[in-house]
Amino acid sequence: MDFHNLLLERHSIRRYTDQPIDSDDVKTILEAALLAPSSKSKRPWQFIVVEDADVLAKLSKAKKIASHPIAGAKLAVVVVSNPELSDVFIEDTSIAAVFMQLQAAALGIGSCWIQIRNRFSEDGEPAEVMVQQLLDIPQYLPVECIITFGYSAESRKPVDPDKLLWEKIHIGTWKDLGTTE
């Protein structure tokens, strides 16, 4: 599949089958993260690979809503960064996370971004603190997100290119099209 079709086909997958992910595919997904570009090649990111079902279940409670896919995943990668290494650590870690998602899609593996930074658990605790404590992540390494992986147990249609929001594209300068979004 070419890259454009991969983008049309890729969706966030929140339900997974019980099929395990081959260790070579896991390595390829992690390699994609390590190949991601970063500002000044600082590579401020770190990745914690979680496959233990009990730990995945605990991580799925990090947020009040929308973290349930973690419990059903075969694999999750917690993406953290070191703000001391780069002033654009959030951007750098985000690019690495998306590289993993694109690589997974190319392998036929579904994924979902679970936002952790600036999110809270049911009891109001920062999701980041809960994840750091559960996985022994030092406090100086903020948690950006958790990417879940597994084979899709849901069916999604490709994106219809005719429905792309081309009005969001401005050529040469900003053109006010009467929208505030």
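The structure is a predicted model.

The description begins with the sheet, which is open and consists of 4 strands. Their order is β1-β2-β4-β3, and the pairing is antiparallel. The edges are formed by β1 (45-50) and β3 (110-115). Each of these has a single partner strand, so one side of each is left without a neighbour in the sheet. From one strand to the next, the twist averages 20°.

The pairing of β1 may now be followed in detail. Its partner is strand β2 (residues 75-81), and the two run in the antiparallel sense, joined over 6 bridges. Within this pairing, Q46 stands opposite V80 in β2.

Two helices pack on the sheet. Helix α2 (residues 23-35) touches β1, β2 and β4 (143-150). The direction of helix α2 makes about 165° with that of β1. Helix α6 (residues 127-135) also touches β1, β2 and β4, and the direction of helix α6 makes about 70° with that of β4.

The last topic is the aromatic rings. How many aromatic pairs does a search of the whole structure find? The search finds 1, formed by the rings of W45 and F47. A pair of aromatic rings is described by the distance of the centres and the angle of the planes. For W45 and F47, the centres lie 5.4 Å apart and the planes stand at 35°. Planes under 30 degrees apart would count as stacked and those over 60 as edge-to-face, so the pair of W45 and F47 is tilted. Is W45 buried or exposed? W45 has a relative accessible area of 7%; because buried means under 20%, W45 is buried.

Notes
Residues numbered from 1 in each chain as written. Predicted model: local features only at pLDDT ≥ 70, side-chain atom pairs only at ≥ 80, totals over all residues. Heavy atoms only, no water. Pairing = 2+ DSSP bridges. Axes fitted to C-alpha atoms, helices over the stretch in contact; angles between N-to-C directions. Contact = heavy atoms within 4.5 Å. Phe/Tyr/Trp six-rings, centres within 6.5 Å; stacked < 30°, edge-to-face > 60°. Buried < 20%, exposed > 50% of the residue type's maximum accessible area, 1.4 Å probe, protein only.
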